[in-house]
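Here is a friendly walk through this structure, written for someone who likes to know the cut-offs. Have a look at the whole assembly before reading on.

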2 protein chains.
Amino acid sequence: MPTVLQIDFPFDGPFDEEMHHAMHALAESIIEEPGLIWKIWTENPHTKEAGGIYLFSDQASAQAYLDMHSARLTASGVQGIRAKLFEANQPLSQICKGPLQ
Amino acid sequence: MPTVLQIDFPFDGPFDEEMHHAMHALAESIIEEPGLIWKIWTENPHTKEAGGIYLFSDQASAQAYLDMHSARLTASGVQGIRAKLFEANQPLSQICKGPLQ
């Protein structure tokens, strides 16, 4: 079942183009993660937060990625990680053009 | 600039197909909201939470929807709404196949 993972955390930057340059190699590795369908990278320079919205093919893949990514973020100095796993309600999302593949 | 809105809140149900039947008319109205590109409906019957991930064409539309939807949720008895607005980092999301349109 398609599983949504939402992660956000306090973040001092870099944002925008500097974030792109600092993290494009990481992005190229993330899209290769097992079960990942897509990730939207999120950032808010005003509230000093960043994170991601992920769609995985199944819950086990999403949980495994969350465990790995949380450890990686913590190792890089990130604190205060907020993460939630959800099922997508497929027919309601379909009405609202939600991209579940 | 594409704006992501993530909302989640404590929710006792209905979930899954019952949620679909209870809320399909609401979903049909939501996809008509100004600036909305798509919404994924999220639910977790184990943690008793629900919410949504939204993509809007711009921040003003996302903020206006958030104000309206928060009032609607509160009026229906929902408490403890957590909502965050983010910009999408477009080049990083593109690497990760993130659906920004």
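Of the residues of chain A, A:Pro99 comes closest to the rotation axis, with its C-alpha at 3.5 Å. That axis comes from superposing chain A on chain B, which takes a rotation of 180 degrees with 0.0 Å of shift along the axis and gives an RMSD of 0.0 Å. The two copies are thus related as by a two-fold rotation axis. The superposition is by least squares on the C-alpha atoms of residues with pLDDT of at least 70 in both copies.

Please keep in mind that this is a predicted model, in which local features need pLDDT of at least 70 and side-chain atom pairs count only at pLDDT 80 or more, while totals for chains, interfaces and linings use all residues. Residues are numbered from 1 along each chain as its sequence is written, and chains are lettered from A and ligands numbered from 1 in the order in which they are written.

Now to the contact between the chains. It takes 35 residues from chain A and 35 residues from chain B, where contact means C-beta atoms, placed from the backbone, within 7 Å. Several elements of chain A each supply at least two residues to the side that touches chain B:

| Element of chain A | Residues |
|---|---|
| Strand 1 | 3–10 |
| Helix 1 | 16–30 |
| Strand 2 | 36–44 |
| Helix 3 | 90–95 |

Strand 4 of chain A belongs to this group too. Helix 1 of chain A gives the most, with 8 residues. Helices (H or I, at least four residues) and strands (E, at least two) are DSSP runs, numbered from the N terminus. The copies meet through the same surface, because 100% of the interface residues of chain A are also interface residues in chain B.

How do the strands come together? In the order 1(A)-3(A)-2(A)-4(B)-1(B)-3(B)-2(B)-4(A), 8 strands close into a barrel with antiparallel pairing; two strands pair if DSSP finds at least two bridges between them. One antiparallel pair joins strand 4 (residues 82–88) of chain A to strand 2 (residues 36–44) of chain B over 2 bridges. There, A:Ala88 stands opposite B:Thr42.

How values were computed: Two residues are in contact if their C-beta atoms, placed from the backbone, lie within 7 Å.
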